[in-house]
Amino acid sequence: MKRSLFAIALAGVLAISTTGFVSGQSTQNATCQCTQQECLTGQQPKAKKDGKNVAKANKGARKGTIKDGHHGGKGKPGDRNYIVADPAALPQGATDFLATYYPTCTITKCEKDGRSYDLDLADGTDVEFDLQGNLIEVDAPKGAALPADVINGVLPQPAVAKLTSDGVIDQIESIERGRNAGYKVEIIKASPDKYYFSQAGEVITPQRRK
């Protein structure tokens with residue numbers, strides 16, 4: 001009888017211990033993301049592959065943000081590193097042009113690099129001058145044409161006559177001075193949409209323009 005009671009008591013103790021172990025294991029696994037081997041050895045759980053990929057993507061995005069800026073970064077091919085310039089320091093030729101053709105327009109942006117000044121005017125016109133103040137390019141606001149006085153003041157008379165006879169004199173959106181003092185004229189929605197003129201105002205083909 002005593003032996004039976006002892007066996008029953010021993011079985012109860014073993015049952016309680018086993019239940020406690022199983023219960024403790026379940027609780028641990030519910031709150032721990034590591035494997036059984038990592039729990040037993042005390043190792044830190046390994047980072048998930050998805051987390052690594054996200055971290056790499058975020059790092060790449062940060063690098064791109066720094067790299068692709070307009071000022072100082074590589075940016076797109078052909079981008080130039082402009083710095084903010086004081087409009088009061090513009091060369092005389094530039095200030096004369098603005099006073100003549102855009103007397104009421106304020107300068108909203110003035111930037112400079114090693115080759116030229118780039119200006120934005122309040123009406124949306126964009127003007128570029130070389131460092132000596134000579135006009136390089138003038139662009140009308142988006143969807144608009146250049147004023148007649150600008151066209152007549154910048155282009156030689158033969159060029160103006162040609163554009164007038166072709167019926168596009170009031171559709172000129174930009175005039176650019178070539179490196180060898182020729183002119184490139186872009187037209188709004190016309191065919192041809194570009195004209196090239198020599199310094200004297202004669203029509204030339206793009207192949208002859210240097």
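**Close-up views of a predicted model**

**View 1. S116, a buried residue.** With a relative accessibility of 1%, S116 counts as buried (buried is under 20% relative accessible area, exposed over 50%, with a 1.4 Å probe and protein chains only). S116 belongs to strand β3, residues 116-121 (strands are DSSP runs of E, at least two residues, and helices runs of H or I, at least four, numbered from the N terminus). The side chains of S116 and E128 are joined by a polar contact of 2.7 Å (N or O atoms within 3.5 Å, one able to donate a hydrogen and the other to accept it). This is a predicted model, where local features need pLDDT of at least 70 and side-chain atom pairs count only at 80 or more, while totals for chains, interfaces and linings use all residues. Residues are numbered from 1 along each chain, and side-chain values use heavy atoms, without hydrogens and water.

**View 2. The two faces of helix α4.** Here A94, F97 and L98 are the buried residues of α4, residues 92-101. They fall within an arc of 95 degrees seen down the axis, so they line one face of the helix (the arc is taken from directions between the axis and the C-beta atoms). The face turned away carries exposed Q92, A99 and T100. The buried residues of α4 pack against β2, β3, β4, β5 and α5 (contact means heavy atoms within 4.5 Å).

**View 3. Aromatic pairs.** The structure holds 4 aromatic pairs (ring centres of Phe, Tyr or Trp, its six-membered ring, within 6.5 Å; planes under 30 degrees apart are stacked, over 60 edge-to-face, the rest tilted). F97 and F129 have ring centres 5.7 Å apart and planes at 75 degrees, so this pair is edge-to-face. Both residues are buried.
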